[in-house]
Amino acid sequence: MPEMQALSERLDALLAGTTLLRIELLGFSSLKTYAPAHESVQDHRLVSVGRRAKYLVWEFDDGVHIVLHLSQAGRLDIERPPKTTKPRGSAVRFVFGHDEAGLDGESIGVLVREYGTHRKASWWVLAPCDEGPLAGLGPEPGSEAFAEIMLTSDSRRRLTTDLRDQHVMSGIGRGWGDDILHRAKLSPFASLHSLSAQQREALLISVTNVLAEALELERAREGGLSEAKLGGRFKVHGRAGEPCPTPCGDTLSRVSFENYEMTYCPTCQTGGRVLADRRLSRLLK
Ligand SMILES: [Zn+2]
């Protein structure tokens, strides 16, 4: 959420009020809809760029919206003026211009690129009432509905699973999830069902604070609108083997799954217990 929120704010400040002059399809697999036709959005004014979960939502003056998911390997390049090249991994280029708010006839390109083949950038052109991939997303941190889940949900799934399930609560993801659980001193294998009222409150406060701090850093960050690398921003996630930042004197540990790993501090979160590394124990069976 923090990265996408800050990105949507920058794009909104840069582009709201301009007109979408053209869409250049550079890679055909990234567009997930065929109606309305993407060409139909051309010549419409961009009202705003916002965010929902990890999606950027581009609202146009006819109510049509473009929803863009950068995924983990996607990024945006701003081109002033727009280029005509097709760099490797290019998915689509949006060209905006004719702005009343001061572009002075200059146009701006927004190039969506993806690195790697696993997690692709995707975008949807949606009619006014069509939610597309936004349908069924869980509430956002900061909302009342979100707080209610934290304080009352009887979910017996692992916290780490609920935190990154976009249909339960949106916009957190596994990286910030690790940092949030560490801050709240909760085991990633605990469930909402197992938490005391105090622990639930600690979790809610941790979500709020970790995301707010991340957003503040992200808003202040310089050097491009988006970057492929996120790793350095986390205090715990992806840092197994490094000292716990509390600092409690312990070393951060990890549990590996097929596609990801979860990082935690045994002393701060699991009462000193080192959790079995699932991948390793399966290999040893
Ligand atoms: Zn610790």
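The model is predicted: local features require pLDDT of at least 70 and side-chain atom pairs pLDDT 80 or more, while totals for chains, interfaces and linings use all residues. Residues are numbered from 1 along each chain as its sequence is written.

**Stop 1: the whole chain**

Display the C-alpha atoms of the protein chain; along the principal axes they fill a box of roughly 60 × 35 × 35 Å. The radius of gyration, taken over C-alpha atoms, is set against a globule rule of 2.2 Å times the number of residues to the power 0.38. For 285 residues a compact globule would have a value near 19 Å, and the 21 Å of the protein chain agrees with this. Switch to a cartoon view to find 7 helices and 10 strands; these are DSSP runs numbered from the N terminus, helices (H or I) having at least four residues and strands (E) at least two.

**Stop 2: the two domains**

Colour residues 2-134 as domain 1 and residues 144-284 as domain 2; these bounds come from an automatic or database domain assignment. The C-alpha centres of the two domains lie 30 Å apart. Where they touch, 14 residues of domain 1 are in contact with 14 residues of domain 2 (contact: C-beta atoms, placed from the backbone, within 7 Å). On the domain 1 side, helix H1 (2-15) and strand E5 (74-79) are the elements that give two or more residues. H1 provides the largest share, 6 residues.

**Stop 3: the nonpolar core**

Select Trp-58, Ile-66, Val-67, Leu-68, Phe-94, Val-112 and Ile-180, the residues with the most contacts inside the largest nonpolar core, which has 57 residues. Such a core is a set of buried Ala, Val, Leu, Ile, Met, Phe, Trp, Tyr and Cys residues joined through C-beta atoms within 7 Å. A residue is buried if 20 or more other C-beta atoms, placed from the backbone, lie within 10 Å of its own.

**Stop 4**

Select residues 122-126, strand E8, of which 5 of 5 residues are buried. In a regular strand the side chains alternate between the two faces of the sheet. Ser-122, Trp-124 and Leu-126 are on one side of E8, with Trp-123 and Val-125 on the other. Finish at Ile-66, whose bridge partner in E8 is Val-125. Beyond its neighbours within four places in sequence, Ile-66 is in contact with Val-41, Trp-58, Trp-123 and Val-125.

Definitions and conventions
Two residues are in contact if their C-beta atoms, placed from the backbone, lie within 7 Å. A residue is buried if 20 or more other C-beta atoms lie within 10 Å of its own, exposed if 12 or fewer, and partly exposed in between; C-beta atoms are placed from the backbone. Two strands pair if DSSP finds at least two bridges between them.
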